Amino acid sequence: MKVVQPICRCLVAFSLLVSTTVKSAEPALSNFIVNKTVNVEALTQEELSQIFRFQVRMWPNTSKIVVVLPPIESFSFRNLATNELGINSAAYYEIVNQVAKEYVKNGSLIFAPSDAFVVVKVSQTPGSIGYYPDAFTINPGFAIRILHIH
């Protein structure tokens with residue numbers, strides 16, 4: 001009986017910890033970064049999906065959204081597609097390929113040559129948003145913010 005009591009106490013403590021963590025109203029930080037000119041602190045997962053699927057082209061203040069993508073052959077591109085957008089990378093490649101010519105021409109899409117250049121391009125481009133899997137390691141000297149997810 002004495003062995004059961006400590007286990008029960010641990011389970012109760014764990015369930016309290018989990019329930020308070022899950023119920024937190026704070027939006028979570030993400031791997032999405034925006035240029036400091038973007039007047040948005042947080043987005044929903046659906047809003048992010050719409051932006052990266054090129055279904056939304058303007059920020060709420062009516063400035064143009066510029067999407068900065070990691071290299072198509074990179075792990076980051078595959079991770080963006082599968083883990084963040086919920087589609088396989090080949091399907092996402094097709095979505096990007098359909099809009100690439102027009103969006104690159106009008107400045108709404110930038111292909112970064114590496115993950116690190118996603119940060120550089122977002123920092124240099126007003127209205128831009130990008131995906132960077134190590135967003136928490138970015139030097140604070142860049143003109144970017146990490147988005148929160150609701």
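This is a predicted model: local features need pLDDT of at least 70, side-chain atom pairs count only at pLDDT 80 or more; totals for chains, interfaces and linings use all residues.
**View 1. R145, a buried residue of strand β6.** R145 is buried, with a relative accessible area of 18%; buried means under 20% relative accessible area, exposed over 50%, and partly exposed in between, using a 1.4 Å probe and protein chains only. This residue is found in strand β6. Helices (H or I, at least four residues) and strands (E, at least two) are DSSP runs, numbered from the N terminus. The side chain of R145 makes a polar contact with the side chain of E41, at 3.3 Å. Such a contact is a pair of N or O atoms within 3.5 Å; within protein, one must be able to donate a hydrogen and the other to accept it, and residues adjacent in sequence count only if both atoms are side-chain atoms. Leaving aside neighbours within four places in sequence, R145 is also in contact (heavy atoms within 4.5 Å) with residues including F32, V34, K36 and V40.

Residues are numbered from 1 along each chain as its sequence is written, and side-chain values use heavy atoms, with hydrogens and water left out.

**View 2. Helix α2 packs with helix α3.** Here α2 (residues 45-52) and α3 (residues 75-85) pack at an angle of about 145°, with their axes 11 Å apart. Axes are lines fitted to C-alpha atoms, for helices over the stretch in contact, and angles run from 0 to 180 degrees between N-to-C directions. Q45, L48, S49 and F52 of α2 meet L80, E84 and L85 of α3 in this contact. Among the buried residues of α3 are F77, L80 and L85. Just after α3, look for G86, which takes a positive phi of about 75°.

**View 3. Y92 and the largest nonpolar core.** A nonpolar core is a set of buried Ala, Val, Leu, Ile, Met, Phe, Trp, Tyr and Cys residues joined through side-chain atoms within 4.5 Å. The largest one has 28 residues, and Y92 is one of those that touch the most other members, along with F52, F54, W59, V67, L69 and I129. Helix α4 (89-105) gives the largest share of this core, 5 residues. Not counting residues up to four places away in sequence, Y92 touches F52, F54, L69, F77, L80, A81, L85 and I87.

**View 4. Q124, an exposed residue of helix α5.** Q124 lies in α5 (residues 115-124) and counts as exposed, at 54% relative accessibility. Q124 and A143 are 19 residues apart in sequence and 7.4 Å apart in space, C-alpha to C-alpha.
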